[in-house]
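Biologist: Can you walk me through this one? I'd like to start with a single side chain and then move on to the rings and strands.

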Amino acid sequence: EFSDFRVRSDLSGKTTILKLDHVRPDRERRLSVGGQFEHSFEDGRQESTTDSASGDAVAVETTLAGSWSQEAAYLTYQFPLWGTTVMAGTRVESRQYDIDAVNEDPSGGTYLFPSLHVERKVENWLTANLSYSSRISWPNIADLDPRVRFNNPTTARAGNPLLEPEKTHSFEAKLMAKAGNHSADVTAYYQKTRDLRSVLAELQGDVLVTRPVNLGTMTSRGANLQLRGPLARGLKYVVTANLA
């Protein structure tokens with residue numbers, strides 16, 4: 001039985017970003033290349049104190065410390081092709097972690113992310129757009145640091161140094177119609193995310209400890225409709241419908 005529980009947390013961090021872009025526009029073509037470097041670190045300390053009913057105080061101190069470095073290079077090229085506008089691109093991204101609490105640093109890795117966007121004017125009032133893109137969601141330092149940090153006397157959280165980043169592939173088809181000042185957009189999408197991040201809870205003694213884990217995949221399909229236009233002077237309407 002507990003009479004009092006106190007937590008004090010101090011966290012500091014710093015992120016440095018260096019970015020260089022070059023764009024070469026032409027009448028119908030556009031080339032864009034660039035690179036980016038990021039470095040981020042966190043240094044934190046948490047002290048939790050529990051006063052039991054007998055008057056004894058139990059203090060637990062936990063630290064959180066680590067950093068990551070990320071390099072990326074990207075290229076996009078927009079050009080006309082058979083009456084359509086095509087923009088193709090690719091991005092190479094690499095990240096490395098340094099977590100103080102683990103002997104072997106968590107796996108970062110290098111990934112390639114292609115993208116493709118195709119737009120065509122079907123009629124003067126109707127435009128079609130098809131696109132594919134991919135992205136990644138990296139875990140943060142707290143997600144990887146395995147040290148236990150208390151929320152209260154009976155629950156705590158910890159990181160998982162084996163956690164993988166989430167990777168998502170997205171496909172989208174869109175029709176954009178316009179009649180005078182009124183417009184309508186219809187979009188259908190399909191997304192698939194693998195190495196999905198979830199939470200696992202385990203009872204360790206009298207404390208329930210949660211930590212992030214990778215569990216399977218998630219697939220999302222849907223469509224949405226948006227109508228916009230004026231109703232009267234100074235008054236507009238927007239109608240939205242979603243199916244997911």
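Modeller: This is a predicted model. Phenylalanine 171 has a relative accessibility of 42%, so this residue counts as partly exposed.

Biologist: Which ring does phenylalanine 171 pair with, and what is the geometry?

Modeller: The partner is tyrosine 132, with ring centres 4.9 Å apart and planes at 40°. An angle over 60 degrees would be edge-to-face and one under 30 degrees stacked, so this pair is tilted.

Biologist: Where do tyrosine 132 and phenylalanine 171 sit in the chain?

Modeller: Tyrosine 132 is in strand E6 and phenylalanine 171 in strand E9, residues 166-179. The two are 39 residues apart, and the pair links distant parts of the chain.

Biologist: Tyrosine 132, buried or exposed?

Modeller: Tyrosine 132 counts as buried, at 18% relative accessibility. The limit for buried is under 20%.

Biologist: How many aromatic pairs are there?

Modeller: The count is five aromatic pairs. One of them joins tyrosine 111 and tryptophan 138, whose ring centres are 5.7 Å apart; the planes meet at 65°, so the pair is edge-to-face.

Biologist: Which parts does the pair of tyrosine 111 and tryptophan 138 tie together?

Modeller: Tyrosine 111 belongs to strand E5 (residues 109-123), while tryptophan 138 is in the loop between strand E6 (126-137) and helix H1 (141-144). The pair therefore ties together parts 27 residues apart in sequence. Tryptophan 138 is buried, at a relative accessible area of 12%. Together with Phe113, Tyr111 and Trp138 form one aromatic cluster.

Biologist: What sits over the ring of tryptophan 68?

Modeller: The charged end of arginine 95, at 3.7 Å from the ring centre.

Biologist: Switching to strands. What is the order in the open sheet of four strands?

Modeller: E7-E8-E12-E11, with mixed pairing. Strand E7 (149-152) and strand E11 (197-204) are the edge strands, each pairing on one side only. On average, neighbouring strands of this sheet are turned by 30° against each other, direction ignored.

Biologist: How many bridges are there between E7 and E8?

Modeller: Three, in the antiparallel sense, with E8 covering residues 155-157. Arginine 149 stands opposite arginine 157 in E8.

Conventions: Residues are numbered from 1 along each chain as its sequence is written. This is a predicted model: local features need pLDDT of at least 70, side-chain atom pairs count only at pLDDT 80 or more; totals for chains, interfaces and linings use all residues. Side-chain values use heavy atoms; hydrogens and water are left out. Rings of Phe, Tyr and Trp (its six-membered ring) pair if their centres lie within 6.5 Å; planes under 30 degrees apart count as stacked, over 60 as edge-to-face and the rest as tilted. Buried means under 20% relative accessible area, exposed over 50%, partly exposed in between (1.4 Å probe, protein chains only). A charge sits over a ring if NZ of Lys or CZ of Arg is within 6 Å of the ring centre and within 35 degrees of the ring normal. Two strands pair if DSSP finds at least two bridges between them. Axes are lines fitted to C-alpha atoms, for helices over the stretch in contact, and angles run from 0 to 180 degrees between N-to-C directions.
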